[in-house]
Amino acid sequence: MPPDVIAFDVMETLCSLASLAPLLAAAGGDATTLDRWFSHLLQDGFAITAARSYAAFRDVAKAALTELLPHAKPAQVDKVLAGLGKLDAHPDSAPAMGRAVLDARVVVISNTSAATTRKLLARGGLDTFVEAVVSADDVQAWKPRADAYSYAAATTDTTSQRLAMVTVHPWDVLGAAKAGLVTGWCNRQGATFPPAFGHPDVTGTTLLDVVEGLFALKGTG
């Protein structure tokens, strides 16, 4: 069945990290630093969560950055971290969320803080679509552990089977599916979905394609 509530991931899904590249370059990075840093901080955050511990996104991001760029000045590091709250929305974000609210309620689930998430939504003009912001801080656990997805279902008073997760991250699809959610994967880069992660219920090349696909599930459940 189509979802009653659609949850969107934020970092890379709704908002692009591209504006961080020049800040990282100014701190001594190169063309590969952005991808390496984001992968590094996710790896560390996932490891901390798997160990049943918790650290806030900003703290993990800062530690990963100082490890990757040990000669960066504190002020340069701070500029990069501040840039996490100044990301631009992807062009397909507003159309997708605008379509979603026509037939479902909309929330976001992010590993970043609620304050940073709300700042990004407001910056991109996306806040008007969003009913609730669920942060890893709320449950003291990062996605893809089930806690945040289950908390979103409880917060919206819906069952996990009627809650959909829309994301560009295969690991997010895996976590949401294991938590019982319907899953939508936005494959902007033409990548191959990792076979070990199963498969998303809906795949599209834009967020709007994914949302339309979720509503097209009508009658199949």
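The model is predicted, with local features requiring pLDDT of at least 70 and side-chain atom pairs counting only at pLDDT 80 or more, whereas totals for chains, interfaces and linings use all residues. Residues are numbered from 1 along each chain as its sequence is written, and side-chain values use heavy atoms, with hydrogens and water left out.

Helices and strands are taken as DSSP runs, numbered from the N terminus (H or I and at least four residues for helices, E and at least two for strands). Two packed helices are described by the angle between their axes and the distance between the axes. Here the axes are lines fitted to C-alpha atoms, for helices over the stretch in contact, and angles run from 0 to 180 degrees between N-to-C directions. For helices α2 and α3, the packing angle is about 130° and the axes are 9 Å apart, which makes α2 oblique to α3; angles under 35 degrees count as roughly parallel, over 145 as roughly antiparallel, 65 to 115 as roughly perpendicular and the rest as oblique. The crossing of α2 and α3 is right-handed, a crossing being right-handed if the near helix is turned clockwise from the far one by less than a right angle, and left-handed if anticlockwise. In this contact (heavy atoms within 4.5 Å), T33, R36, W37, F38, H40, L41, D44, G45 and I48 of α2 meet F57, V60, A61, A64, L65, E67 and L68 of α3. These residues divide into 10 nonpolar, 3 polar and 3 charged, where Ala, Val, Leu, Ile, Met, Phe, Trp, Tyr, Cys and Pro count as nonpolar, Asp, Glu, Lys and Arg as charged, and the others, Gly among them, as polar.

Helix α3 (residues 57–68) also packs with helix α4 (residues 74–83), at an angle of about 135° and with the axes 11 Å apart, so that α3 is oblique to α4. This crossing, too, is right-handed, and its contact is made by R58, A61, K62, L65 and T66 of α3 together with V77, D78, V80 and L81 of α4. By class, the contact of α3 with α4 comprises 5 nonpolar, 1 polar and 3 charged residues.

Another packed pair is formed by helix α5 (residues 93–103) and helix α10 (residues 207–215), whose axes come within 8 Å and cross at roughly 20°; α5 and α10 are therefore roughly parallel to each other. The crossing of α5 with α10 is right-handed, and the contact joins S93, P95, A96, R99, A100 and D103 of α5 to L207, L208, V211, E212 and F215 of α10. Its residues divide into 7 nonpolar, 1 polar and 3 charged.

Spaces were identified on a 1 Å grid over the protein atoms alone, a cavity being a set of points where a 1.4 Å probe fits but cannot get out, and a pocket an open set with protein on both sides within 12 Å along at least five of seven lines, with lining residues having an atom within 4 Å of a point. Grid points are joined across faces, edges and corners, and a volume is the space filled by probe spheres set on the points. The structure holds 1 cavity of 30 Å³ or more, and the largest cavity contains about 60 Å³ of space. Its lining consists of D9, M11, F38, L42, F57, S110, N111, T112, K143, H169 and W171, of which 5 are nonpolar, 4 polar and 2 charged.

The largest pocket holds about 540 Å³ of space and is lined by 22 residues, with E12, D35, V168, H169 and Q189 lying nearest its centre. Two or more lining residues come from each of α2 (33–50), α9 (170–178) and β5 (182–186), and the largest share, 5 residues, from α2. The second largest pocket, with about 160 Å³ of space, is lined by A56, F57, R58, L81, A82, L84, T112, S113, T116 and D137, and α3 and α4 are the elements that give two or more residues to this lining.

Most residues other than glycine have a negative phi, and most peptide bonds are trans. R52, in the loop between α2 and α3, has a positive phi of about 60° although it is not a glycine. The peptide bond from K143 to P144 is cis, with omega near 15°, and P144 is found in the loop between α7 (136–139) and α8 (146–155).
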